[in-house]
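Reader: I'd like to learn how to read a fold from its coordinates. Could you walk me through one, feature by feature?

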Amino acid sequence: MKLSLIGMTVATVLSVHITASAAGKDLLLLTAPGCDAKLATRVEQFCAAELNGLAIHVKPMTKGSELAWPELAKKIQGNMGKDDLGAVLLVQRAVSSNLVTIVSNMPVAVVDLADPRKDGTAADETYARWIERETMRAYGLVLGVKICPNPQCAMSNYKVKPESLPALGRNYCPYCKKILLDQLKAKGVIFPEPKRVKKAVK
Ligand SMILES: [Zn+2]
């Protein structure tokens, strides 16, 4: 209960700060058959807020999500529109050793929906936060951010123990976030100028 309250507070604060959306380019979030729609929406909203309002389109991937690399990468890329900078597929993999997988020369990644605790459901707050974190890392990798040594950063790559799931950070550290936003601007994303708020002088 405590965890879910913290999650809601963070989401509320973020939504208040973002008053205008980034434009020019988008990201794609593909969902394999069986992926919970509410979970996908939640992940999309979290990542979009963290990326300063960049649009992330959720789209079901009805065919090919069961394929292995490199065929899977080609299928994912085939779903991308001309304005999509990258695509992440949420899918439960049959065999999983890596939770986020990418291919070196394509802007696509896969997030495995498998729960390290083996008992995750889309309604479970810890599980949902975990998938948010992994999707954040997937977008970071797709957009050219490297692995980060800060264990609280979404770009960290340390081996996750099931008991450490509730304590994992879901956000980018300031260093990674700056790299990411610079990459996005270089790729044509236009971020709105931050609003100047006049402070009342007492
Ligand atoms: Zn970082």
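Author: Let's begin with pairing: two strands pair if DSSP finds at least two bridges between them. Helices (H or I, at least four residues) and strands (E, at least two) are DSSP runs, numbered from the N terminus. Here, strand 3 and strand 5 run parallel and are joined by 5 bridges. Before going on, note that this is a predicted model, where local features need pLDDT of at least 70, side-chain atom pairs count only at pLDDT 80 or more, and totals for chains, interfaces and linings use all residues. Residues are numbered from 1 along each chain as its sequence is written.

Reader: Which residue in strand 5 does leucine 90 stand opposite?

Author: Valine 111 is the one in strand 5 that leucine 90 faces. Strand 3 also pairs with strand 1, again in the parallel sense and over 5 bridges. There, leucine 28 has alanine 87 of strand 3 as its bridge partner.

Reader: What is the order of the strands in the whole sheet?

Author: The order is 2-1-3-5-4, in an open sheet of 5 strands with mixed pairing. Strand 2 (56–60) and strand 4 (100–102) are the edges, each pairing on one side only. From one strand to the next, the twist averages 20°.

Reader: Which strands does helix 2 touch?

Author: Contact means that two residues have C-beta atoms, placed from the backbone, within 7 Å. By that test, helix 2 (residues 37–50) packs on the sheet against strand 1, strand 2 and strand 3 (84–91), and its direction makes about 160° with that of strand 2. Helix 4 (residues 125–142) lies across strand 1, strand 3, strand 4 and strand 5 (108–112), at about 165° to strand 5.

Reader: How many residues of strand 3 are buried?

Author: You count neighbours: a residue is buried if 20 or more other C-beta atoms lie within 10 Å of its own, exposed if 12 or fewer, and partly exposed in between, with C-beta atoms placed from the backbone. Strand 3 is mostly covered, with 7 of its 8 residues buried. Tyrosine 127, in helix 4, is partly exposed because it has 19 other C-beta atoms within 10 Å.

Reader: Which residues touch the most other members of the largest nonpolar core?

Author: A nonpolar core is a set of buried Ala, Val, Leu, Ile, Met, Phe, Trp, Tyr and Cys residues joined through C-beta atoms within 7 Å. The largest one has 51 residues, and Leu29, Val88, Leu89, Ala109 and Val111 touch the most other members. Helix 4 gives the largest share, 8 residues. Leaving aside residues up to four places away in sequence, valine 88 touches several residues, including Leu29, Ala109, Val111 and Tyr139.

Reader: Where is asparagine 52 found, and is this residue buried or exposed?

Author: Asparagine 52 sits in the loop between helix 2 and strand 2. Its phi is positive, about 55°, although it is not a glycine. Asparagine 52 counts as buried because it has 20 C-beta neighbours inside 10 Å.

Reader: Which residues does a cis peptide bond join?

Author: Tryptophan 69 and proline 70, with omega about -5°. Proline 70 lies in the loop between strand 2 and helix 3.

Conventions:
Axes are lines fitted to C-alpha atoms, for helices over the stretch in contact, and angles run from 0 to 180 degrees between N-to-C directions.
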